[in-house]
Amino acid sequence: MKYYDKFSDSGYHSAFFTSFTFSGDAFENIILNRLRGAKCHNIHVVSDFHMFKQEVELYGPPAQAGLRYHLALHKRRNAFHPKIVLQFGKEKARLLVGSANLTVTGLAGNIELVDEIFCSGADDPIQPLLAYTARYIQSSFPKDDTWFQQGFRRALELSPWFSLENANDRIEN
């Protein structure tokens, strides 16, 4: 799988990303254009504050953050290290989890491991795992981040089949 090609897949209106390292240039030129070309316009990213600060010192701030996608920073003493993508569609969702950061090397240079998990609707037995992941992502954004709260609410409204109430921290085989 070419990880960056996954973001050209259609049928998803919303995308939520977590990443340890974030490169605005890589995200905007590799992922954002693919997402928007696939009609995904509700896009939110949360990244580690300290790593983002280093990136900005080297390369400057992301040009399109706040205009074409929402970027938030997770500030804590320990590193914020998850690499998760959760995409919502009108009738489906998917989860991408792996080792790839939102950088050029993470998206297209390094050999990274990324697993893709599909959910085909409310009755899909994987839906509780995605609901749990959605709650985790929700807890990763700053509590007072109104742009994220609005975007998250919009994603759920556009995916009425998806329920956070189904969140289960233990999935049975």
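The entries below go from ground rules to single residues.

**Ground rules.** I am working on a predicted model, where local features need pLDDT of at least 70, side-chain atom pairs count only at pLDDT 80 or more, and totals for chains, interfaces and linings use all residues. Residues are numbered from 1 along each chain as its sequence is written, and side-chain values use heavy atoms, with hydrogens and water left out.

I take helices (H or I, at least four residues) and strands (E, at least two) as DSSP runs, numbered from the N terminus. I call a residue buried under 20% relative accessible area, exposed over 50%, and partly exposed in between (1.4 Å probe, protein chains only). Contact means heavy atoms within 4.5 Å. A polar contact is a pair of N or O atoms within 3.5 Å; within protein, one must be able to donate a hydrogen and the other to accept it, and residues adjacent in sequence count only if both atoms are side-chain atoms.

**Helix 5.** I checked the length of helix 5 (residues 146-158) first. Its 13 residues should span 18 Å at 1.5 Å a residue, and the end C-alpha atoms are 18 Å apart, which agrees. The expected span is 1.5 Å times one less than the number of residues.

Which residues of helix 5 are buried? I found Phe148, Gly151, Phe152 and Ala155. Seen down the axis of helix 5, the buried residues fall within an arc of 100°, so they line one face. The arc is taken from the directions from the helix axis to the C-beta atoms. The general rule: an α-helix has 3.6 residues a turn, so residues three or four places apart point the same way.

I then looked for what covers those buried residues of helix 5. The cover includes strand 1 (14-19), strand 2 (42-48), strand 3 (70-74), strand 4 (84-88) and helix 4 (127-140). On the face turned away from the buried side, helix 5 carries the exposed residues Thr146 and Glu157. Asp145 caps the N-terminal end of helix 5, with a side-chain oxygen 3.2 Å from the backbone nitrogen of Trp147.

**Helix 2.** I looked at both ends of helix 2 (49-59). At its start, a side-chain oxygen of Asp48 comes within 3.1 Å of the backbone nitrogen of His50. After helix 2 comes Gly60, with a positive phi near 90°.

**Cavity search.** How many cavities of 30 Å³ or more does the whole structure hold? I got one. The largest cavity has a volume of about 30 Å³. Tyr3, Phe17, Thr18, Lys83, Ile84, Val85, Leu96, Ala100 and Leu102 line it. Strand 1 and strand 4 each supply at least two of the lining residues.

My cavity terms: on a 1 Å grid over the protein atoms alone, a cavity is a set of points where a 1.4 Å probe fits but cannot get out, and lining residues have an atom within 4 Å of a point.

**Lys83.** I followed up this lining residue. Lys83 sits in the loop between strand 3 and strand 4. Is Lys83 buried or exposed? Lys83 counts as buried, at 12% relative accessibility. Its side chain makes a polar contact of 3.1 Å with the side chain of His81. Beyond four places in sequence, Lys83 contacts residues including Thr18, Leu96 and Ala100.

**Ile43 and Arg68.** Ile43 is in strand 2 and is buried, at 3% relative accessibility. Leaving aside neighbours within four places, its contacts include Phe17, Phe27, Leu35 and Arg68. Arg68 lies in the loop between helix 2 and strand 3 and is partly exposed at 28%. I also noted a polar contact of 2.5 Å between the side chains of Arg68 and Gln64.

Thr103 lies between strand 5 (93-98) and helix 3 (104-109). Thr103 is buried, at 11% relative accessible area. A polar atom of its side chain lies 3.0 Å from the backbone nitrogen of Gly106. Lys39 is in the loop between helix 1 (24-37) and strand 2. Lys39 is exposed, at 62%. I flagged its phi, near 70°, as a positive value in a residue other than glycine.

Definitions and conventions
On a 1 Å grid over the protein atoms alone, a cavity is a set of points where a 1.4 Å probe fits but cannot get out, and a pocket is an open set with protein on both sides within 12 Å along at least five of seven lines; lining residues have an atom within 4 Å of a point. Grid points are joined across faces, edges and corners, and a volume is the space filled by probe spheres set on the points.
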